[in-house]
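Here are my notes on this one, written as numbered points. Have the structure open while you read.

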Amino acid sequence: MQARLEQAPESMKIRRQTVEHPFGTIKAWMGATHFLTRTLGRVSTEMSLHILAYNMKRVINIVGINRLLNTIAA
């Protein structure tokens, strides 16, 4: 993996922009690196709620709250 990275260092920049940023942001929101619940089903639900909140915040920042509410109402 290190050899592949050395051959194409720009690929890591793209990967950081597309995948690592959302998960880093979500982990920062969680306040720690662990989940508050136990068992796979509950952890999955907790992560789903974090992702939903992240996506809703992104939509509000991109299109604005008024457009979002109008779209939901329609």
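1. Accessible areas here come from the Shrake-Rupley method with a 1.4 Å probe, and for residues only the protein chains shown count as cover. By that method the protein exposes about 6,400 Å², with carbon and sulfur atoms supplying 60% of it.

2. A word on what you're looking at: this is a predicted model, where local features need pLDDT of at least 70, side-chain atom pairs count only at pLDDT 80 or more, and totals for chains, interfaces and linings use all residues. Residues are numbered from 1 along each chain as its sequence is written, and side-chain values use heavy atoms, with hydrogens and water left out.

3. How far can you trust it? pLDDT is the predictor's confidence in each residue, from 0 to 100. The protein's mean is 84, and 91% of its residues reach 70 or more. Among its elements, helix H2 (residues 10-30) has the lowest mean, 74, while H4 has the highest, 92.

4. Now the layout. Helices (H or I, at least four residues) and strands (E, at least two) are DSSP runs, numbered from the N terminus. You'll find 4 helices and 0 strands, so to speak an α-α-α-α pattern along the sequence.

5. On overall shape, the radius of gyration is taken over C-alpha atoms, and the globule rule is 2.2 Å times the number of residues to the power 0.38. A compact globule of 74 residues would come out near 11 Å, but this protein has 17 Å. Its C-alpha trace spans about 50 × 35 × 20 Å along the principal axes.

6. Buried means under 20% relative accessible area, exposed over 50%, and partly exposed in between (1.4 Å probe, protein chains only). Of the 74 residues, 12% count as buried.

7. Take a look at helix H3 (residues 40-63): its 24 residues reach 34 Å from first C-alpha to last, close to the 34 Å expected at 1.5 Å a residue. (The expected span is 1.5 Å times one less than the number of residues.) Which residues of H3 are buried? They are Val43, Glu46, Met47, His50 and Tyr54.

8. Check the backbone at both ends of H3. Thr39, in the loop between H2 and H3, has a positive phi near 75° although it isn't glycine. After H3 comes Gly64, with a positive phi near 95°.

9. Finally, Ile60 lies in H3 and counts as partly exposed because its relative accessibility is 32%.

Key. Expected span 1.5 Å × (residues − 1).
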